[in-house]
Amino acid sequence: MNNKHTNWYKNAVIYQIYPRSFCDTNNDGLGDINGIISKLDYLKELGVNCVWLSPIYDSPQKDNGYDISNYTDIYPPFGNMNDCKKMIAEMHKRGIRLIMDLVVNHTSDKHKWFIDAIKDKNSPYRDYYYIRKGKKNGKKPPNNWKGFFGEGAWTRIEGTDEWYLHLFTKEQPDLNWENPKLREDIKNILRFWLDLGVDGFRCDVINLISKKQDFKSRFPKPALTGSDAFINGPRLHEYLHELYRDVYANYDCMTVGEAVMATSKVNISLTDPAREELDMIFNFSHTDSDNIGGVKYFYRKFKLTRFKNRLNKQQVSLEGKGWNSLFIENHDQRRSVGRFGTVEGNINSSKALGATYFFLKGTPFIYQGQEIGMRNAHFKSMDEIKDVESHNIKGILDKMPLPKKKMQQIIYDVSRDNARTPMIWDNSEFGGFSNIEPWIRLNKDKDIVNVKNALEDKNSLYYFYQEMIKFKKEHQVITDGSFKMIAINNPHIFAYVRENEDEKVVVISSFSNKPRKFKYLERLCDSDIKITNYEKHEKALQPFEVRVYLIDKK
Ligand code: TEU
Ligand code: CA
């Protein structure tokens, strides 16, 4: 068969839009598709050539669209199918491709499949989900598995002795991928969107779709009880290859899978091109380096060497075997400002971090607002937070014998809503996001950190990102060159070399607030510095100084 799938994703710079919080054009306090269209020139100017759009499908919005009730329609407050088609056309006109978020590990409990499945025992859709008889005459769940938002993974179907599995909220029942009919329906959904012109998918929690079928309780109970059964389950590779063979191979599309708790081994097996599964995955090992065991609530002091080691492992292990995604933010992570060794209010530190991740080998992603250095929301009460995850966790922590004040502060600090406050376009009352009070409050620093200010300041983070994107496009070495870390044990400096036959790029960033000597600098010439955040270069690196050198080998 003729495989239409090409490697354009290797040259992509992808901008993630969280539609709810991007731009509101009809003043209902929620972002919308027309808002996205109105900002496409802004994205084009920044230089990105692809957008990852978080879910816009019809949904009760229990988890802001990650609970889909109709895969082939649009959530009305965001717009309709015609708006969507217009958006795709306007993107393509500007050389911007679109990848949609695809949430197929679970649906909303308001999806017609699920409504039918629980209403009628003989429904063909009953086997689209995991419905099992409870223990103790139905009074207790079928097993002790736990979901990602801290709760038990089963909910009883009212008035019956049966329960359904859900790894996220109880409004997000898990789909049963063992059922071939379900898989055919999923493929048709993929085809529907690809035929409409979208260029690929970001596949939500894709490594959860296959489950071990024993459905037994696990003892002793690990924190995420049952995870051995539902993370990287036994048929994961088979399902992914089936989607590739029957759908992706017929389109010039790309896929990036969100892989929960992925090891390098899993990363290789999911992205090895010969296996025809996914083009790349999101591996969270580096964003999890400031917490214990991947649990963001157990966060710990940032250590640059740990961060370096984890990124190094991702880079080295995939070399010649698979492809990396590069990111420091998304809609589930708190903002990178003040994180990963950066300091809020010090734009140079965000530039240093920016260049550090952006020129690694892989496809870089930029989350909306990251390019202007949007900060965390600094929440002060639970009323300001809308995220269902934060409220669920709060309920659970409150029942535990833990220091209440400290736990509360942790929720404020790590809540996913830190990344979900409205994009700030200017310093008007509602930040140019809307003309009315938005669905979630604006950042208090909106008069300082906004797009208007960024565009007026030639030293802004925005222009630094613009420069990085241009540089990446102009120098193939950033895409195909080899990667080598320098001085991996240096606790203050992140440095590496990218090299191909023609060119060599050296990226050196200081994560220290003091001047730092760095021996490797002696080998380099100031005249080769192409991107930097300091006008003058001393012998030592200045606080949070970054230098990107380009050495022509010809
Ligand atoms: O995220 C999966 C996931 O693992 C995260 O929710 C993670 O558990 C959490 O953020 C840790 O704090 C994806 C989506 O990105 C997320 O927005 C959805 O809520 C989730 O799946 C369910 O669809
Ligand atoms: Ca709106």
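The largest pocket in this predicted model has a volume of about 1300 Å³. Of the 49 residues lining that pocket, Phe148, Gly294, Val295, Lys296 and Tyr297 sit closest to its centre. There's also a second largest pocket, with about 370 Å³ of space, and a helix pair, H9 and H10, to look at.

**Largest pocket**
- Strand S13 (295-299), helix H12 (388-398) and helix H13 (404-414) are the elements that each give two or more residues to the lining.
- Sorted by class, the lining comes out as 23 nonpolar, 11 polar and 15 charged residues.

**Second largest pocket**
- Here 22 residues make up the lining, and those closest to the centre are Tyr299, Arg334, Gly338, Asn376 and Asp413.
- H13 turns up here too, giving the most to this lining with 3 residues.

**Helices H9 and H10**
- H9 (residues 264-271) packs against H10 (residues 304-318) at an angle of about 40 degrees, and the two axes are 10 Å apart.
- That angle makes H9 oblique to H10, and the crossing is right-handed.
- On the H9 side, the contact uses Ser264, Asn267, Ile268 and Thr271; their partners in H10 are Lys313, Ser317 and Leu318.
- By class, that contact is made of 2 nonpolar, 4 polar and 1 charged residues.

How values were computed: Residues are numbered from 1 along each chain as its sequence is written. Chains are lettered from A and ligands numbered from 1 in the order in which they are written. This is a predicted model: local features need pLDDT of at least 70, side-chain atom pairs count only at pLDDT 80 or more; totals for chains, interfaces and linings use all residues. Side-chain values use heavy atoms; hydrogens and water are left out. Axes are lines fitted to C-alpha atoms, for helices over the stretch in contact, and angles run from 0 to 180 degrees between N-to-C directions. Helices (H or I, at least four residues) and strands (E, at least two) are DSSP runs, numbered from the N terminus. Angles under 35 degrees count as roughly parallel, over 145 as roughly antiparallel, 65 to 115 as roughly perpendicular and the rest as oblique. A crossing is left-handed if the near helix is turned anticlockwise from the far one by less than a right angle, and right-handed if clockwise. Contact means heavy atoms within 4.5 Å. Ala, Val, Leu, Ile, Met, Phe, Trp, Tyr, Cys and Pro count as nonpolar, Asp, Glu, Lys and Arg as charged, and the others, Gly among them, as polar. On a 1 Å grid over the protein atoms alone, a cavity is a set of points where a 1.4 Å probe fits but cannot get out, and a pocket is an open set with protein on both sides within 12 Å along at least five of seven lines; lining residues have an atom within 4 Å of a point. Grid points are joined across faces, edges and corners, and a volume is the space filled by probe spheres set on the points.
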